[in-house]
Amino acid sequence: YSAGLPDIFCCYQGHLLALEVKRPGGRMTSLQAHELEHWSRAGATAAVVTCWEDVRAIIDRLPC
């Protein structure tokens with residue numbers, strides 16, 4: 001089962017990241033939005049990214 005799940009799951013310095021990758025201007029489906037919210041409520045950093053710079057910005061905001 002993978003419908004709606006974020007495209008990338010990774011762990012960075014003990015922080016779980018759940019990332020949905022979209023092209024600039026791309027839109028999430030309601031299922032994808034629901035899944036990101038689910039992961040966020042569970043403690044993951046869940047976000048939509050369009051480029052490496054988005055990922056870098058998320059990593060830079062993580063608590064040390």
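The legends below describe close-up views of a predicted model.

Residues are numbered from 1 along each chain as its sequence is written. Because the model is predicted, local features need pLDDT of at least 70 and side-chain atom pairs count only at pLDDT 80 or more, while totals for chains, interfaces and linings use all residues; side-chain values use heavy atoms, with hydrogens and water left out.

**View 1. Three strands form an open sheet in the order β1-β2-β3.** The pairing in this sheet is mixed. Helices (H or I, at least four residues) and strands (E, at least two) are DSSP runs, numbered from the N terminus, and two strands pair if DSSP finds at least two bridges between them. At the edges are β1 (8-12) and β3 (45-49), each of which pairs on one side only. From one strand to the next, the twist averages 25°. Axes here are lines fitted to C-alpha atoms, for helices over the stretch in contact, and angles run from 0 to 180 degrees between N-to-C directions. In general, strands of a sheet pair through backbone hydrogen bonds, either parallel or antiparallel.

**View 2. β1 and β2 form a hairpin with two residues between them.** The two strands run antiparallel and are joined by five bridges. Cys10 has Leu17 as its bridge partner in β2, and Tyr12 has His15 in β2. Gln13 lies in the loop between β1 and β2. Although Gln13 is not a glycine, its phi is positive, about 50°. With a relative accessible area of 63%, Gln13 is exposed; buried means under 20% relative accessible area, exposed over 50%, and partly exposed in between (1.4 Å probe, protein chains only).

**View 3. β2 and β3 run parallel, joined by five bridges.** Contact means heavy atoms within 4.5 Å.

**View 4. The largest nonpolar core has eight residues in all.** A nonpolar core is a set of buried Ala, Val, Leu, Ile, Met, Phe, Trp, Tyr and Cys residues joined through side-chain atoms within 4.5 Å. The members are Leu17, Leu19, Ala47, Val49, Val55, Ile58, Ile59 and Leu62. Two or more residues come from each of β2, β3 and α2. The most come from α2, which gives three. Not counting residues up to four places away in sequence, Ala47 touches Ala18, Leu19, Glu20, Leu36 and Ile58. In soluble globular proteins, nonpolar side chains tend to be buried together.

**View 5. Lys22 is found in the loop between β2 (15-21) and α1 (30-41).** At 17% relative accessibility, Lys22 counts as buried. The side chain of Lys22 makes a polar contact with that of Gln32, at 3.2 Å. A polar contact is a pair of N or O atoms within 3.5 Å; within protein, one must be able to donate a hydrogen and the other to accept it, and residues adjacent in sequence count only if both atoms are side-chain atoms. Leaving aside neighbours within four places in sequence, Lys22 is in contact with Arg27, Met28, Gln32, Val48, Val49 and Thr50.

**View 6. Ala42 has its place in the loop between α1 and β3.** Ala42 is exposed, with a relative accessible area of 61%. Between the C-alpha atoms of Ala42 and Leu16 the separation is 9.9 Å, and these residues are 26 residues apart along the chain.

**View 7. The structure holds zero disulfides.** A disulfide is a pair of cysteine sulfur atoms within 2.5 Å. For Cys11, the closest cysteine sulfur is in Cys10, 7.6 Å away, so it is too far for a bond. Cys11 counts as exposed, at 59% relative accessibility. For Cys51, the closest cysteine sulfur is also in Cys10, but at 15 Å, again too far for a bond. Cys51 counts as partly exposed, at 33% relative accessibility.
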